[in-house]
Amino acid sequence: MPVSANSEPAIGASEGLADLPGAGTPVSSSGPGVWARFRETLKSGPVLFAFVILVAIVLIAILAPVLGTVDPVAINPAERLRHVSAAHWFGTDAFGRDTYSRVIYGARVSLLVGAGATVMSIAVGLLIGVIAGYFRMADAVIMRVMDGIMAIPNILLAIALVSLTGASLVTVLVAITIPEIPRVVRLVRSVILTVRTEPYVEAAVTLGTRVPRLLFRHMVPNTIPPLIVQGTYIFAAAILIEATLSFLGAGLPPEIPSWGNMMSEGRMYFQLLPGLILFPGIFLALTLLSVNVLGDVLRDVLDPRMARRP
Amino acid sequence: MLSYIARRLLATIPVIIMVAVVVFAILRLTPGDPAAILAGDDATSAQLAQIRQSMGLDQPIYLQFIHWVGQLLHGDLGVSLLSGTSVAGMIAHRMGPSFALAVGTIIVTLIIALPLGIIAAWKQGKLLDRAIMSFSVFGFSVPTFVVAYLLIYLFSIGLDWLPVQGYKPLSAGFWPFAERLILPVLALSAIYIALIARITRSSIIEVMGEDFIRTARAKGVKENVVLIHHALRNAAVPIITIIGIGVASLISGVVVTETVFNLPGLGRLVVEAVLARDYPVIQGLILLFSLIYILINLVVDVLYAVFDPRIRY
């Protein structure tokens, strides 16, 4: 067994999802069962808390302009490094920018980067995974490349990719997406490999179904429930990696008010104004916390066979 | 056992080759001319051509790759564009703090996480269990650098017990060395403690349902002996797996933690190299970290066979 079998990056997915038995079995996700189970889980205190936090963060991101914010990039040298006050709820930074407004607008940046990287890695990973799972000749080559990418710790790979082309929103998105692709590919491939021997797929083959229709109508739908679960973990991982890259100074351009950038800029003034780092840090932590908790819930709801034991 | 280890070693070789290909590819096949970066903005075209020739950049890409791998096999990681010193030498020079940080983290993690996991499994469903598991979810979700700054805020600025940042080698005395490592180690351990406490708990709970546990209890073995001697030993395999998987986040954590606490280690070197676009250094460090990651997972796989004699591939 090559190293890939246990080299799942640990960020986000605490249990190597793609390796679990059951990840490949077709799962029916329709019907009232899912909703009933979802409502049932909301009765648990921590889950409800996580759900409320995530909804709040999303609302904050959408409603940022009307939440008592000022322009998050407006520089005001007369108001540099102010403490918490009625005028500046979270104080101001070294350029006199309002920390509260920057934290609120930072939610937009984080959620957009997270969503963008999730959609991109799932789209690309799905395509590659289907090819690897169905066309056996391509499989060996594709999976060796994926093993290679997965053996490089994802922050380092992302850092290297950003350093090549310089920091921009697109570069950072691509750099976050690439290290996440192998996980999607392995998940999709394992589902396709399991499903291709199912009687209904063989029946479709016998009836002369063309390959694209066979793949996307009969096989790909089975990947959706596990992909939704994996998607939440990728979403959390992407937000964390963006914040980490920006914090290290190798992420989004400094003029974008992201939580990572704010913490990076706050480093020099931490002893004077801890809020410069702690406010965005707490928002970041709460976002990741709620996404991780809800990811576990989604896994239990969408795929009870993978549910964690008590 | 030996043949298993040998086969496992052989299976690692293609992965290492793929890592080399990926690292080479991302640093050579992207837009941007390394020679132009090295030469600076106001170099003449003759100077550029000369640099290209001296770096072998005028040769076909596959020859460049073979040449590069040949150098690697001789332990030659190239020369830093910035300082002109050898990358291997720079790595050797900066290894100390990272090594101390990683070893300290693993020790602290095991000392804290295993008892927490055992207690949670023992008190399953009780308040103590739920408290430990809530802490675990927090530890798992709060990023290392946020934990680090919270610790600095509390212990360095608030209580003034420990230095804010910096590093002293062990040769400067044990306490100066240790007091600067306490906060970095705690910050880096948080995510690890969370992971390992969680997996220890669920593994033990799973084992506790087995027949041999019931037998042990039936013959009057004390509950703590059942937990430690019978259950923990059999829960070792999943715990070791998570330790192996966690190395990836440990490596990213080292980069972040060294930046926060200003430790002059390998993680800081990565960031410095990236900010200065010092490609040979970036290349060397990614290869090194990936190799460490692959080797630790190799050791983990071999440990499976040691801890669980039923496992034979």
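Trainee: Which residues of helix 5 of chain B meet helix 13 of chain B?

Mentor: Two residues are in contact if their C-beta atoms, placed from the backbone, lie within 7 Å; helices are DSSP runs (H or I, at least four residues) numbered from the N terminus. Here B:Met90, B:Ile91, B:Arg94, B:Met95 and B:Ser98 of helix 5 meet B:Leu266, B:Gly267 and B:Leu269 of helix 13. These residues divide into 5 nonpolar, 2 polar and 1 charged, where Ala, Val, Leu, Ile, Met, Phe, Trp, Tyr, Cys and Pro count as nonpolar, Asp, Glu, Lys and Arg as charged, and the others, Gly among them, as polar. The model is predicted: local features need pLDDT of at least 70, side-chain atom pairs count only at pLDDT 80 or more, and totals for chains, interfaces and linings use all residues. Residues are numbered from 1 along each chain as its sequence is written, and chains are lettered from A in the order in which they are written.

Trainee: Why are helix 5 and helix 13 of chain B called oblique to each other?

Mentor: Angles under 35 degrees count as roughly parallel, over 145 as roughly antiparallel, 65 to 115 as roughly perpendicular and the rest as oblique. Axes are lines fitted to C-alpha atoms over the stretch in contact, with angles from 0 to 180 degrees between N-to-C directions. These two axes cross at roughly 130 degrees and come within 7 Å, so the helices are oblique.

Trainee: How many residues does each chain give to the contact of chains A and B?

Mentor: Chain B gives 56 residues and chain A gives 52. On the side of chain B, helix 12 provides the largest share, 11 residues.
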